[in-house]
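Please look over the sequence and the model shown below before reading on. The report starts with the chain as a whole and then turns to a pocket and to some individual residues.

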Amino acid sequence: MKKKICTCFLMTVIGLSSLYAQNWRLIKPAYPTKDAFVAGYSVTDFGAKGDGITDDTESFQKGLNSLTNVGPSKVNGGILFVPAGKYVIKGNLNIPKGVTIRGEWKKPEKGQPIEGTILMAYAGRGDENATPLITMEPAAGVMDLAIWYPEQTPDNIVPYPASIVMGKPKHFGNEYCNVKNITLVNSYIGIAISRVNGGGCPVFYDIYGSPLSVGIEIDYIADVGRIDRVDFSPAYWCGSGLPDSPATGGSFDKWIYENGTGIMMRKNDWSYTTNITVEGYKVGFNAAPSITNEGSKPNGQNYQLKVIGCKTGIQCDAIANSGIQFTRSIIKNCENGVVVNKGTAGALHFHTCEIDATQNAFVTDAESSTRIMILQNQIQKGNVNINGAILTFIDCDFYNPAPQIVLGRNARSIITGNRFKEKVNIENHSLLECIIDHTPVSLEKLPEFPVAMLENQKQKPDREYLYLATDPEFGANPDGNTDNTQAIQKALDKAAAEGGGIVYLPPGKYKVLGNLNIPSGVELKGALDNSSAPVGPGSILQVYSGKGNLNAQPFMTMKENSGLRGVVFDYPEQKTSDLPNPIVYPYCVQVQGKNVYIVNVGIRAAYQGFDLFTYKCDNHYIDYISGHSLKTGIKVGGGSENGKICNLQYNLIVYACGYQTKFGSFSNSIEAYKDMVYTYGYENFDFLVVENCKDEWLYNNFAFGAQRGLLFTGNNAENASNGISVGMAIDGARRAYCFDALNSKGFDFINNQIVSTGEPNTRYIETTANFTGRVTLHNSDYWGSALQGVQVENGTVNLIAASFVQPGKDRFANIIGGKLNITASHITLKDPLLNSDNESRFSAQSSVLDGKGITTSKCELWKNNLSNTPTLAIPQSSVLDRTGWIASGSKNSNSANNAIDGKEDTRWTSGSQKEPGDWFKVDMRNKQKFNLIILDTTGSPNDTPAKYELYVSDDDLDWGEPIATGEGSSMMTIISIPTQNARYFKVVQTGNTKTNYWSIPEA
């Protein structure tokens, strides 16, 4: 009997120990890390030398490949550790899906030697389009490394391909690549998104160094990216202590100043860029058109951007209509602060920024129609030359010499409530109506958000000791069939009994029929500790408990001082085919005390996500929960204080398209029912519910697809919340921001992007009759198909520097009670603006909007506002008499004279989509002297020429070369030219947009 028992025991040990070939080990690196990490292999296990001589490419790739198809579930995941050393990589590396390469990294300091793990790159010299040093597959990670090109010399800069490219060519889905804690010593191009098939949700954290041509390039991404804590400067290579590093102030510094770009932002999707410093480059931040997606332009939110000693601080060559926001940013000692170039449109926000430029603080091109909102800025030095665009300066301080602002012929501007160190002199050469009023204004100041505090949040247990859940002592088996409840809980309990530690789940599918509790002092860690949605790799906890019982015990409970990192939750029995009648479950995770952290966690098919409201959970810290829930994402309350919720990334696509390899090939997602997921989410899902929290911090959060994006609620005002948000974006919600209760301190939102879609009763912002608080949105962009932009039943809503591309199908605002205050904002034309007889609850100042359908004199405040429709400010004596002129066109020529008849209700139109070669011609009957032609399309917005060429002739035969070229503006195209003396002029439409007619109501 004893022999049989012993034999059985030995067989069990052999079976469990052979689940993994990897030797999972807790790494204790030489330098501090925010987390404690577990590696499956070291590159030294595969023969890597790190001696600065031996080519270690093959050893690295073998190690990376050995973390694919791991364990009984054949799942990717885990870390390949690279100890400190200099590793020669003469080839290229591919990081497989869900795998991370991680070294030992000391945060660099300018002028100090580079220490830790250094990759020495050689491949691709002379060809920036060659294969990059590192190619990343989805959910892969590159962390804690320095990258150095030994053959790159500072006195003869040569191109190399990008050091790191996120996205593997011809790979379906390149989402959720993570690059963190990287020093780019002298990369030619630092980090880029694949231009072949793009990706989504890239994460760049703590990137430093001296990239030569481009530091980080974003293009061709389809979901939210995050760039946080970046510092680029020539000083890093200069002081690196590596062979042939340049001397400070030499030709290398000049090369970067003439050629380098810190951040290149092309086609993105709601990206967050935060805490960026760029020093000594040609351009600090460049908003530019997409290379791979013709016509695509960047949008996004930027907070605490600092550009020092660059030729140009912020250069805008392309701007999406939805807008780009810059908040609390500094441009110092640059030649040009902000440059807005030819043909740009969309919206730009500058809130609480400081600009010090040796030439131009702000300069806009005459052919820009960008809507620019500049609020509470300090112009320390530099000219302000506004040649085009629609620009608002309000409550700013000008320390530059007079003339402090020069308005060109094409500029429209509102300049109100500003302060000037010298005697004010605004040179106004505009042909269009502008408003200039120096009467002081009283506006809310932008509240402080100490971002640096987030970096100091606890993210690992006090006792760093590893408990491997699959060890024979515990017996976890991630084969997708074995119940692991007791095994995992046993490991958690032992860790607690011994003073705390880390319970690690190697890659695989862990079926759990019961409930789990993470005790105080213990962290449960999975194998995909990257910022990622569920896409297949990692440690997947398959949840079965609580099925059909909404009030059952949550699947997982977390005691105070506990942690959860790098796991994925899936509910296998929750099938998309059951919608619209899903299985109800209790909350997946319930936090039961203070100082709890949840980091890099994926969730899918849950009915309810995370409960932080049943118990008081002070100082909770959440960073990157990503995925999907059916009913509620996260609910926080319970009187909790000083909580931080950061980088949430929710999207219905995770469950709707879970059948795709891109999202993990989960069997409970069925392609035929994917539309049901979206429909159910739009009708039922609440992304983030906040009730009864004091001083709650929200940071760079995003959700797509919800009935309510944000819901602030409480029993009454005293039991409601207050706090601050930086970076919030809600896309595809029926009702995006919903306020039922806030306490007397209110809530401030800094940088917001809001899209509401669908029917019925869709709104960007709403307050209920119970709401008595105050909410203020600083910098916000709105678009979509909301029925009404804002509904205020009670309380106060303040919108400061808001841009409404689509203000509401029915009306912009429905005010039932309370107050709505608009300042320094742009609201596109809407008739009516408000519901009737509620003007006394509405105020608008220093904004571009139209009082259609209301009596503006009845508003609480209506002051210094411009209409969306430009008004010419040209003396009639300067306009040529058009009597007797004859107009003709390449199409509909018989109606061409409508464009010169002086009537607002007639027009000439091409009668079909504008095409290259369409033309409009005027015979003035005699030679005339003129230097300006205006194509007024205010009656038909966007029917302008996409691009144009202007010709003149004396005989209608010899037209010569064009005397002007440009792009049309949405309402009024102003073509300024040197004085001509000619009889004929002809405008040729050269753009190939294939949208809208070309119309000219008046020329």
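## The chain as a whole

In this predicted model, the secondary structure of the protein chain comes to seven helices and 70 strands. The radius of gyration of the chain is 30 Å, close to the 30 Å that the globule rule gives for 1003 residues, so the chain is as compact as a globular protein of that length. Taken along the principal axes, the box filled by the C-alpha atoms is roughly 120 × 70 × 55 Å.

Buried residues make up 65% of the 1003 residues in the chain, while the chain exposes about 34,000 Å², of which carbon and sulfur atoms supply 46%. Among the contacts with a separation of 6 or more, 68% are accounted for by residues 24 or more positions apart.

## The second largest pocket

The second largest pocket holds about 1,100 Å³ of space. It is lined by 34 residues, and the closest to the centre of the pocket are L872, V879, R882, I934 and A1003. By class, this lining has 18 nonpolar, nine polar and seven charged residues.

Which strand gives the most to the lining of this pocket? That strand is β66, with nine residues. Both β66, which covers residues 919-936, and β69, which covers residues 972-989, supply at least two residues of the lining each.

## Two residues and their surroundings

Q542 lies in strand β42, which runs over residues 539-543. Is Q542 buried or exposed? Its relative accessibility is 10%, and because buried means under 20%, Q542 counts as buried. Leaving aside residues up to four places away in sequence, Q542 touches G480, K509, Y510, K511, V512, D570 and P572.

G475, by contrast, is in a loop, the one between β36 (466-468) and β37 (479-483). With a relative accessible area of 26%, G475 is partly exposed. Although G475 and K490 are 15 residues apart along the chain, their C-alpha atoms are separated by 9.1 Å.

## Backbone geometry

Most residues other than glycine have a negative phi, and most peptide bonds are trans. The following places in the chain are set against that background.

A cis peptide bond leads from A402 to P403, with omega near -5 degrees, and P403 lies in the loop between β30 (397-398) and β31 (405-407). Another cis peptide bond joins L579 and P580, where omega is about 15 degrees; P580 lies in the loop between β45 (567-570) and β46 (587-591).

Where in the chain is N333 placed? N333 is in strand β24, residues 330-340, and its phi is near 55 degrees, a positive value in a residue other than glycine. A801 also has a positive phi, of about 60 degrees, although it is not a glycine, and A801 is found in strand β58, which spans residues 796-804. As for accessibility, N333 is partly exposed, with a relative accessible area of 48%, whereas A801 is buried, with a relative accessible area of 0%.

Conventions
Residues are numbered from 1 along each chain as its sequence is written. This is a predicted model: local features need pLDDT of at least 70, side-chain atom pairs count only at pLDDT 80 or more; totals for chains, interfaces and linings use all residues. Side-chain values use heavy atoms; hydrogens and water are left out. On a 1 Å grid over the protein atoms alone, a cavity is a set of points where a 1.4 Å probe fits but cannot get out, and a pocket is an open set with protein on both sides within 12 Å along at least five of seven lines; lining residues have an atom within 4 Å of a point. Grid points are joined across faces, edges and corners, and a volume is the space filled by probe spheres set on the points. Helices (H or I, at least four residues) and strands (E, at least two) are DSSP runs, numbered from the N terminus. Ala, Val, Leu, Ile, Met, Phe, Trp, Tyr, Cys and Pro count as nonpolar, Asp, Glu, Lys and Arg as charged, and the others, Gly among them, as polar. The radius of gyration is taken over C-alpha atoms; the globule rule is 2.2 Å times the number of residues to the power 0.38. Buried means under 20% relative accessible area, exposed over 50%, partly exposed in between (1.4 Å probe, protein chains only). Contact means heavy atoms within 4.5 Å. Accessible areas come from the Shrake-Rupley method with a 1.4 Å probe; for residues, only the protein chains shown count as cover.
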